[in-house]
Structure formats: structure tokens, C-alpha cells
Amino acid sequence: MTKTVFLHATLLTALLAATGASAQTVKLQTTEGDIRIELNAEKAPKSVANFLQYVKAGHYNGVIFHRVIQNFMIQTGGYDAKLNQRPTKPPIPLESDNGLSNLRGTVAMARTNDPNSATSQFFINVVDNILLDADVGRIGTGYAVFGQVVEGMDVVDKIRAVDTKAQGVHQNLPVKPIFITKALVEPVKK
């Protein structure tokens, strides 16, 4: 019996260590400074896997922040400097009913009116936006939170404060383009 307890304790320790080691952050190097996002694969596994695929493929390198609303959010992930939309992978299912709330500093998947339409675009909430959370009992509502800014909210606040203009279909485009120059996957420092 003691051998079994020891074996279970060893396995549990190994599992906890592996879980901690698997948590990841992504660093967004922007023209305004760096933003680090800790990903929550436990609560939003499909959204995190999707986001990491785009990061690892270099999709976010050179995209602009194309939608900046000072008291709402900043959005990126879809357009280059000439406002050409980047090609995307197929959309992922909505994971908004995961217990995570659209609070200041959280990162969520952008989508169209179709609940299962999220691809590469994401946004960072600059205020608490609980109206973007899933409605209890209503399938297909809300925006899936999958991460949290752990470093660089000062950069997010700098971006949210820029002057914007309407240009084509974009109503809240920064006057001076703001880019993600590079997105990198990093292990969480514990």
C-alpha cells in the first residue's frame, strides 16, 4: 500500500510540474513597446491552440492594430500596413462559456455575428467589458477570453489613447499605424 501511495504522489508531482511547464506566454513586440500575454489553455484550449498556430507561423509579424476604441478595446491580427487582409485558417468553435470574463487586460477572440467565426483576429479589453461575456443559457453568445496581459498594460494604454480615423471599412484605425513587429512564444517564468 505504501508503494502505491508513493507512486501516486510521484505521478501527481510529475503531472503538476508538467502542467506548470506547459503554461505559455506570448510576447508581442509592437512599435509602441512589448506586451506579454499569458495563455489559458485549460479554460480555452481551442482558442489557445489556434492563437499559437498563428504565432508560430509568423502570421502576426507585421500586422497593424486596425481597430482602437479608447474606452473599449484594441484589436489586431488581420491586416497588413496596406489594409490587405491576411489569409486565415478555418474558423474555430466559440469558447465564450469557459468561465473567463472580458475584464480589463484580458485577451479575447474577435469574430463576426456568426458565433463560430473566429480565426486570427483578437482584441485586448482596455476596460471591463462584461457585456461581451456569454449569456447564461444562450448558446452562441459572447467573446472567448483566452489570455491575460501580464506585462505591458502601459503599452496597451498608450495604444488605446492614439488618434483614430475612418478609412474604408475601418472606423477606428490609428492615424499613425501601430504594428506588431514580431510575436514570440515564451515559457512562463515561475
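Biologist: What separates Asp157 and Arg160 in helix H3?
Modeller: In this predicted model, Asp157 and Arg160 are separated by about one helical turn, because they stand three residues apart in helix H3.

Biologist: What makes the contact of Asp157 with Arg160 a salt bridge?
Modeller: The closest N and O atoms of Asp157 and Arg160 are 3.4 Å apart. The cut-off is within 4 Å, so the pair qualifies as a salt bridge.

Biologist: Why is Arg160 called buried?
Modeller: Its relative accessibility is 16%. Buried means under 20%, and therefore Arg160 counts as buried.

Biologist: Why is Asp157 called partly exposed?
Modeller: Asp157 has a relative accessible area of 25%.

Biologist: What makes Arg36 and Glu151 a salt bridge?
Modeller: The closest N and O atoms of Arg36 and Glu151 are 2.8 Å apart, which lies within 4 Å, so the pair counts as a salt bridge. This pair links distant parts of the chain, with Arg36 in strand S2 and Glu151 in strand S7, 115 residues apart.

Biologist: Why is Arg36 called buried?
Modeller: The relative accessible area of Arg36 is 15%, and the cut-off is under 20%, so Arg36 is buried.

Key: Residues are numbered from 1 along each chain as its sequence is written. This is a predicted model: local features need pLDDT of at least 70, side-chain atom pairs count only at pLDDT 80 or more; totals for chains, interfaces and linings use all residues. Side-chain values use heavy atoms; hydrogens and water are left out. A salt bridge is a side-chain nitrogen of Lys or Arg within 4 Å of a carboxyl oxygen of Asp or Glu. Helices (H or I, at least four residues) and strands (E, at least two) are DSSP runs, numbered from the N terminus. Buried means under 20% relative accessible area, exposed over 50%, partly exposed in between (1.4 Å probe, protein chains only).
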